[in-house]
Amino acid sequence: MNTLLRGLSLCLCALLLTSPSLADPKSEHTMEETEFVHGAPQVPTDAWTLAAGGRIYDRWWKALDRDEPKGTHPAYPKDGKKSGPATWRCKECHGWDYRGNAGRYGSGSHRTGIKGIDGAKGRDAADIARLLRSPLHGYTKEMIRDNELARLAAFVSRGQDETSKFVNPQTGEVIGDAMRGKAIFQTVCAACHGFDGRLLNWGTEDEPAYIGTEANAAPDEVLHKIRNSHPGAAMVNLRAFAIEDAASVLLHAKSLPQK
């Protein structure tokens with residue numbers, strides 16, 4: 001119960017930051033909301049740090065409010081099927097399951113042949129940060145500042161979830177407690193997504209993309225976002241919850257309408 005109350009409190013706090021009177025006409029967020037989305041608490045908890053690192057792993061320029069990178073990453077494989085800014089995303093080579101060529105990105109349009117970051121679990125975060133600054137990764141201080149890079153390194157070292165324990169790599173089937181997931185969704189997530197998950201639409205009127213749509217199409221990606229939130233959005237995350245709770249929310253999300 002305490003976990004649910006903490007999550008509900010976080011969601012309500014995020015909603016209170018959306019007063020139109022405080023909006024900056026040049027920004028999609030209010031001044032206070034920008035602090036929530038792109039800033040950092042004065043005394044960050046480990047849960048906040050790991051979630052922030054997870055958002056950088058997802059799409060660092062959206063997470064950090066930076067300019068989108070130009071061109072294709074120099075280290076992106078020549079036979080890869082992507083190009084441009086997308087190739088600068090950590091997830092684009094290492095996957096949402098963090099297993100790279102040994103996981104769901106071992107085939108299909110995201111295949112690069114690059115190994116995952118799962119082998120770096122438990123590694124010293126300072127060593128990881130140095131690797132991220134090396135020419136191989138090429139993340140400069142103008143792109144990701146030192147304190148921000150430390151969050152990404154912390155995520156790689158101790159923030160990776162064993163996604164394959166909860167999302168079947170072959171079928172996308174999710175293991176969780178459906179009723180637990182429903183309870184958390186109705187008391188936390190529904191504040192922004194609605195009880196049926198259709199309050200927000202990332203697609204079009206003719207081809208909608210709701211929570212249910214995304215959870216079925218890309219369950220490992222949605223699990224990552226449930227745990228860390230979507231970069232650049234005023235979205236709560238369940239990093240302070242048990243991973244089993246996040247998987248249960250994902251399981252419930254898969255039961256929601258897709259159209």
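Trainee: Hi! How many helices and strands are there in the protein?

Mentor: Hello! The protein has 10 helices and zero strands. Followed along the sequence, the pattern reads α-α-α-α-α-α-α-α-α-α. Keep in mind that this is a predicted model.

Trainee: Got it. And what share of the residues count as buried?

Mentor: The protein has 259 residues, and 46% of them count as buried.

Trainee: Let's look at some helices together. At what angle do H3 and H9 pack?

Mentor: They pack at an angle of about 140°, and their axes are 8 Å apart. That angle makes H3 oblique to H9.

Trainee: Nice. Is that crossing left-handed or right-handed?

Mentor: H3 passes H9 in a left-handed crossing.

Trainee: What about H9 and H10, how do their axes cross?

Mentor: Helix H9 covers residues 219–228 and helix H10 covers residues 243–254. Their axes come within 9 Å and cross at roughly 130°. That makes H9 oblique to H10. H9 passes H10 in a right-handed crossing.

Trainee: New topic: how many salt bridges does a search of the whole structure find?

Mentor: The search finds 16 salt bridges. One of them joins the side chains of arginine 158 and aspartate 46, at 2.6 Å from N to O. This pair links distant parts of the chain, 112 residues apart. Arginine 158 sits in helix H6 (residues 146–158), and aspartate 46 sits in helix H3 (residues 46–64).

Trainee: How accessible are arginine 158 and aspartate 46?

Mentor: Arginine 158 is partly exposed, with a relative accessible area of 46%. Aspartate 46 is partly exposed too, with 39%.

Trainee: Which residue does glutamate 148 form a salt bridge with?

Mentor: Glutamate 148 forms one with arginine 66, and the closest N and O atoms are 2.8 Å apart. Glutamate 148 lies in helix H6, while arginine 66 lies in the loop between H3 and helix H4 (90–94), so the pair ties together parts that are 82 residues apart in sequence. Glutamate 148 also meets the side chain of arginine 145 in a salt bridge, at 3.8 Å from N to O.

Trainee: And are those residues buried or exposed?

Mentor: Let's take them one by one. Glutamate 148 counts as buried, at 6% relative accessibility. Arginine 66 is buried as well, with a relative accessible area of 16%. Arginine 145 is partly exposed, with a relative accessible area of 45%.

Trainee: Which residues are linked in a network of salt bridges?

Mentor: Asp58, Arg89, Glu221 and Lys225 are linked in such a network.

Trainee: Last one! Which residues form a nonpolar patch on the surface?

Mentor: Leu199, Leu200 and Trp202 form it, and together they have about 320 Å² of accessible area.

Trainee: Where does leucine 199 lie?

Mentor: Leucine 199 lies in the loop between helix H7 (178–193) and helix H8 (211–217).

Trainee: Why does leucine 199 count as exposed?

Mentor: Because its relative accessibility is 57%, and exposed means over 50%.

How values were computed. Residues are numbered from 1 along each chain as its sequence is written. This is a predicted model: local features need pLDDT of at least 70, side-chain atom pairs count only at pLDDT 80 or more; totals for chains, interfaces and linings use all residues. Side-chain values use heavy atoms; hydrogens and water are left out. Patches are made of residues with over 30% relative accessible area and no salt bridge: like charges are joined within 9 Å, nonpolar side chains (Val, Leu, Ile, Met, Phe, Trp, Tyr) within 5 Å. Accessible areas come from the Shrake-Rupley method with a 1.4 Å probe; for residues, only the protein chains shown count as cover. A salt bridge is a side-chain nitrogen of Lys or Arg within 4 Å of a carboxyl oxygen of Asp or Glu. Helices (H or I, at least four residues) and strands (E, at least two) are DSSP runs, numbered from the N terminus. Buried means under 20% relative accessible area, exposed over 50%, partly exposed in between (1.4 Å probe, protein chains only). Axes are lines fitted to C-alpha atoms, for helices over the stretch in contact, and angles run from 0 to 180 degrees between N-to-C directions. Angles under 35 degrees count as roughly parallel, over 145 as roughly antiparallel, 65 to 115 as roughly perpendicular and the rest as oblique. A crossing is left-handed if the near helix is turned anticlockwise from the far one by less than a right angle, and right-handed if clockwise.
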